[in-house]
Structure formats: structure tokens, C-alpha cells
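Subject: Structure handover and findings

Dear colleague,

Please find the sequence and the structure below, followed by an account of what was found. I would be grateful if you could read the account alongside the coordinates.

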Amino acid sequence: MQAHYNGWIVALSVLISVWASYSALNIASRVYRTSGVRELLWLLGGSTVMGLGIWSMHFIGMLALHLGQEITYKTGLTLLSALISCGGSFVAFYLATRLKAGPVRMLFGGFCLASGVTVMHYMGMSAMVMNAEITYDPWWVAASILIALVASNAALLLFRGFRYSVRFSRWKLYSAMLMGLAVSGMHYAGMKAAQFHNHQSVMAIKESGYASFLWIGISAATGIILLVSIAAVFFERHVLEKMAYHDSLTGLPNRYGMVRYMDSRLDRSWTGAVLFIDLDRFKSVNDMYGHDIGDLLLQEVADRFRQAGGQQTLIYRLGGDEFLALIPRADKGRAEEVAQRLLTAIQSPVVVEGYELSVTASIGISMAPEHGYEGSVLMRAADTAMYHVKKTGKNRFCFFDDIMAREQARRLRLERDLQKALPRRELTIFYQPKWDAEKDRLTGMEALLRWEHPELGKVTPSEFIPIAEENGSILPITRWMLEEVCSQSVRWQEEGLAAVPVSVNISSRVLDSALLVDMIHEALTASRLAPSGLELEITESIAMANLEDTIEQLGRLEQMGVRISMDDFGTGYSSLGRIGDLPFHTLKIDRSFIQKSSLFFKQAIIRNMVAIAGNLDLGIIAEGVETREQAEFLLSTGCHDMQGYFFGKPMAADSMSRWLSEGGAAGRLAAAEAAGAVATVAAARED
């Protein structure tokens, strides 16, 4: 039986397959920007478009075929073939959109797509009802399957190359063309394999209503493809855009929304005010009541800011407890008015889940064009002004000024120069002894970082450590410091001067990086220092910030044999409830308690801290000990380990070596009693 094709309809079938492939890939690429139910919806949308495109192409191709007799199709098999096509596409897209999909998964995805195309085709062929019999040339069948496999895998590999793009891409078009080739090539190779044999000699051509039925079905499938594609564009523009540029917790525009506004609106002609807002005491609320209560508080604060700002003020939530307000065309008076309204809006207590919570805000203001016209410059100026408010009392606002400009210039210079400080050997490590005042012996040391700037002189750790944490240089600095401390400890041991643990302060940025365990393992291995010779000091606020991850990392270090100390004990809010969950060996009483230890209530707190450590079978050490009276009071509480100027100032490694060889702080209490503690401490400070 001779088969003939209508060339125009064949071309239409190929175009349908390419168009459906492009639409499907465009929809599936949204998967990378979503998760959960939305991810599943995008996958279902993409696979439905792909599957129906394959199905439509096949049956348009069948309509292009003329065999000289009436052909009908089994409805059940025809519909089942569409489902199989969609199913194969779903599995292929699911595997191709996995972030960690390796070569094996990708090959399996290509196999599933090719299988969906192939099974759909031959099932569609078996659904044909006619007065003829079909036989197949096995070589052409094999060729059709090979075409489907090769083209499907190549298309998915190209798809991986632009998987994050939801806009037009020539690579996406190439991938769609390959997918269209997989579908069309497989179909027409499969048709080449088919040989039709009449059951009767010749039959007249009959008009059949079934062709009209197929056209209706194909039109419906094409309509679904079009509707899904349009819905995807609508969803992307109106729903995903809202998700991308709005904060899910408060409903306010987020940092990305702010950047978009600044990039599109802020130029030399833009005038107005930028208000950087940071909540005061919000961290204490989170620590005391938990993040769920903190989130509800943020929602209420956001609502109050939105109402207080008015229609002309744009309020953004930058993250955490930071907000930003933009007031276009505002002068200084208008900026003051809005800032005061924002402060007033949150002064009244907020009742959340039965808790009456009070927070205030610190607001820094920059003006355009006085302080710049670029968004980043104005934000930095407002941020600097906000930190000035934090340092000088909180719960108010202030404008960026010349003094702050100089502070900002210094900070920017320090930020730039800090990147070069390590390779230029400007950073040094000082060591301060820890002393057992009861047994009169050295029990440890604390390593302290110092920076001698070639032009600015000594830069205090309180100034440069936050900068290092912000720009990421704290990671290489910590790695270097661990290596130096471990090596120096080994040298002191080999010289017979000291064999005590040396502690290093660990930043939250280092903990968050998940590199701490590897850093310590490398430092210990390179120096051959026993793990017990190293101690880590971590503040309780850092430990509580990401508790579960902290427990996991510190637990691994404890198993290695590294000692861990809680620094600044007593200054946080939430550690008492879960202190037993953290693998600490020692609690360190903050210097703020020691400096006021003459006060009765401070003494009571210190005694309780010592009792807590004893009940938990933990060591305890007090820092900031500067007088004999402080040392004697601590001894009376049961706290024997102390650190401070009274026993020894921070010293460079060579100075520490001399101090150790001369006996260190032996007999310090007795000497102080004879000579007077004040003169001793004054002399130590002058050194």
C-alpha cells in the first residue's frame, strides 16, 4: 500500500514540536527559582506542554498521511499515549532540573524522554483502526529509537547550560530545536519503518468525520499548550516577581526591591532622604522568647512603619531587624518628621502571644544630593549615621555629617588595607597568661590579634575585627592565626617554657563558613600539637545564633580533643536553658562583672556563675582581673583561674618567652599585698 504525505501539514507538525519544546523548557527553567509545591507546579506545567506537544506533533503527522482509505483510532489508546508522553517528559525534566544531577541521572532523563516519545508513537500507531495490516522494518525502528535517544540527551544537556535563565536564549532555542528533531525525527523514521498491507485489493477513499475529530483534539491540545504558556508568563510577572522583590514575612519590599528602585530611579536629578533603621534590643527578644515570637514582632513593627511612613514613603525590610525608608523629594525637615513618626510608632508596647514586648529603633539619615546620589553611597552614609546613634544612646535619629564622613573614610580605608595586612605581615599575635591564683601557676594563655597599620598606627581589635567579619577576611586571618598559635605552642613546649592550652577567639563568620573543623585539623597536623593544647573561645551569643549547627561543629572538635570555652559568660540571654547541650569545658566570666565586683549585686551574680559551673562540672575563669581585691574576692567564691593585667598583660611571643623564663606571675598576690596593687597595675599598663 502506497503512503503519501501533505508537505504543508508535515511542516506544521515540525513547527508544533519545536514550539512546544521551547515553551516546555521555558516553563521548566522556573524550577530553579522555586521549591516545594511551586516547583512541582512548574514541572507539571512544563511536562504537560512537552507531552501534549509530542502527542500533537504525532497526530498532525498522521493527518498528513494519505493511505487511500478511511482511518479511525481507538480512543482509549489515543488518550493513554498522551499520558505516557507527559509522564516521560515529567521524569526527564525532574532529573534535568536537579542541581546535583550527574551524568548517569542526565542519561536516564534523556532515556525517559526518548522512551516517552517512542512509546507514544508506537502506541499511537497501534491505536489505528483500518482495513490494513502494519509491519515494521526492524532497521528503521532501531534508527527511530536511536534518533530519539541521541537528540533527547543532547537537548537536555543544552538545557542544563541555561537552566537558570527564564528569558529568551539562543541556547534554549537550540535545545528546543533538538527536542523538536527528537520528536519529528523519531516520528518520521518510525513511519518509514511502517509498511501498510491492504486486506482487500483496493478500497475507495471515503470521507470520514474522524479527521475532524482529530483536528478538534489537536486544537484542544494546542490550546492547552498556549494557555499554560500564557499562565506561566502571567505567574512569572505577577506572582514570582512579588515573591522575588517582597519579603515573605512582612509583605514589605525586600532588599532586591530596594536595589531595583535605586537602579531605575536614583540619578543626579533624584532628591530625597534615605533612612537606615535598626531595631534596638530585638536580639534580646529573639533570645528570650524564640524566633517565632520575634517574627510576629517584626510583622507588627512592619505594619506600624508602613502606616507611620505614609503614602510618600517607601519602606523596605533589608533582612533581620533592619529596615530602610526612601522619601523622594524630601528636604531635611520632612526627613526629620518621618523619622520621628517611625520612632513614635513603635514606642508603645506590642502584645504578642500574651507577651508584652518593647523595642525602640536607631535611625541614620542621609540626604540626596548633599551626601551623594548613588544608592550605595547614600545607604552607606545612612548606615554610618545609624551606627553613630547606636553608640550614643539609641532610640533616636541623626543625620550623616562631616565627622561621620571622616569616620566612614577611615573605615573604608581600613577595609581596603585589611585585605593586605596579612601578606604584608602587619598582623601579630599577643599572648595573655591565665593564672591559677590558688596554686600560683600558669594554666593557659589567650591569643589576641593586633594590627600595626604602617600609617595609622595601632588599630584596636574592636575596630578592625568587625570589618574583617564583614568583608570575609576573617577567614584567612583565622586560618593563619590557628597555624601560628599551634606552632608557637609547640616551640614553647620544646623549649620547656610552657605546656598549657592556648585559646583562640572564634568569630561567628568562621562558624557559619563550616570551615572551622578543617582549619583546626590542618593546623594541628602541620604543627604536631596535641589537640588538648588548643582551646577555642566562643561567645554565648555566637553559640546560640545557629544552635544546632554549632552543636554539631563543636561536638566534632570535642571528639578530636580540642578544648572549648564559653567567652563573655553572663552577657547573653538564652544560654542557661541549653548550656548543657553545648560541649563547653570552661565558662569565662565577662570583665564587666569583675570591674564592678565591689558592688553587692555583682558579687551575688559572680557567686551564682561559679556555682553554675561547679554544678555542671565545668571549669570557670574570670577575665579583666586588675587588682588584688578582685583576685581575693574571686578566690573566696571558688574561682581560682584568672586572667588580666594583675597577672600579666598581653605580650608578643618573644616577650612572653622572657616572662615565662623569669617565672611569670609567681607570687603575684603576695607581692601585690606588700607593694600595693594599684602601683603594680599602673606599671603593667605603662608597659
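Is Asp303 buried, partly exposed or exposed? Asp303 counts as partly exposed, at 31% relative accessibility, where buried means under 20% relative accessible area, exposed over 50% and partly exposed in between, with a 1.4 Å probe and protein chains only.

This is a predicted model, in which local features need pLDDT of at least 70 and side-chain atom pairs count only at pLDDT 80 or more, while totals for chains, interfaces and linings use all residues. Residues are numbered from 1 along each chain as its sequence is written, and side-chain values use heavy atoms, with hydrogens and water left out.

Salt bridges

The structure holds 22 salt bridges, a salt bridge being a side-chain nitrogen of Lys or Arg within 4 Å of a carboxyl oxygen of Asp or Glu. One of them joins the side chains of Asp303 and Arg306, at 2.7 Å from N to O. These two residues are separated by about one helical turn because they stand three residues apart in helix H10 (residues 291-309). Helices (H or I, at least four residues) and strands (E, at least two) are DSSP runs, numbered from the N terminus. Arg306 is partly exposed as well, at 36% relative accessibility.

In helix H11 (residues 332-345), Arg334 and Glu337 are three residues apart, about one turn of the helix. Their closest N and O atoms are 3.8 Å apart, and the two form a salt bridge. Arg334 is partly exposed at 23% relative accessibility, and Glu337 is partly exposed at 41%.

A further salt bridge, at 2.7 Å from N to O, is made by the side chains of Arg411 and Glu470. This pair links distant parts of the chain, with Arg411 in helix H13 (residues 402-421) and Glu470 in helix H14 (residues 461-471), 59 residues apart. Arg411 is partly exposed at 31% relative accessibility, whereas Glu470 is exposed at 53%. Salt bridges with shared partners also join Lys434, Glu446, Glu535, Glu537, Lys588, Arg591 and Glu623 into one network.

Aromatic rings

A search of the whole structure finds nine aromatic pairs. Rings of Phe, Tyr and Trp (its six-membered ring) pair if their centres lie within 6.5 Å; planes under 30 degrees apart count as stacked, over 60 as edge-to-face and the rest as tilted. Among the pairs, Phe108 and Phe111 have ring centres 6.2 Å apart and planes at 25 degrees, so this pair is stacked. Both residues belong to helix H4 (residues 103-126), where they are three residues apart and so separated by about one helical turn. Phe108 is partly exposed at 45% relative accessible area, as is Phe111 at 43%.

The pair of Tyr289 and Tyr355 is tilted, because the ring centres are 4.7 Å apart and the planes are at 50 degrees. Tyr289 lies in helix H9 (residues 282-289) and Tyr355 in strand E11 (residues 355-357), so the pair ties together parts that are 66 residues apart in sequence. Tyr289 is partly exposed at 29%, and Tyr355 is partly exposed at 38%.

Charged groups also sit over rings (NZ of Lys or CZ of Arg within 6 Å of the ring centre and within 35 degrees of the ring normal). The charged end of Arg260 is over the ring of Tyr245, 3.9 Å from its centre, and that of Arg450 is over the ring of Phe430, 5.8 Å from its centre.

Backbone and buried tryptophan

The peptide bond from Ala368 to Pro369 is cis, with omega near 10 degrees. Pro369 is placed in the loop between strand E12 (360-368) and helix H12 (375-391). In the loop between H12 and strand E13 (397-399) lies Lys394, a residue other than glycine with a positive phi, near 65 degrees. Asn395 lies in the loop between H12 and E13, and its phi is also positive, near 55 degrees.

Trp435 is found in strand E14 (residues 427-436) and is buried, with a relative accessible area of 4%. Trp435 and His640 are 205 residues apart in sequence, and their C-alpha atoms are 8.0 Å apart in space.

Yours sincerely
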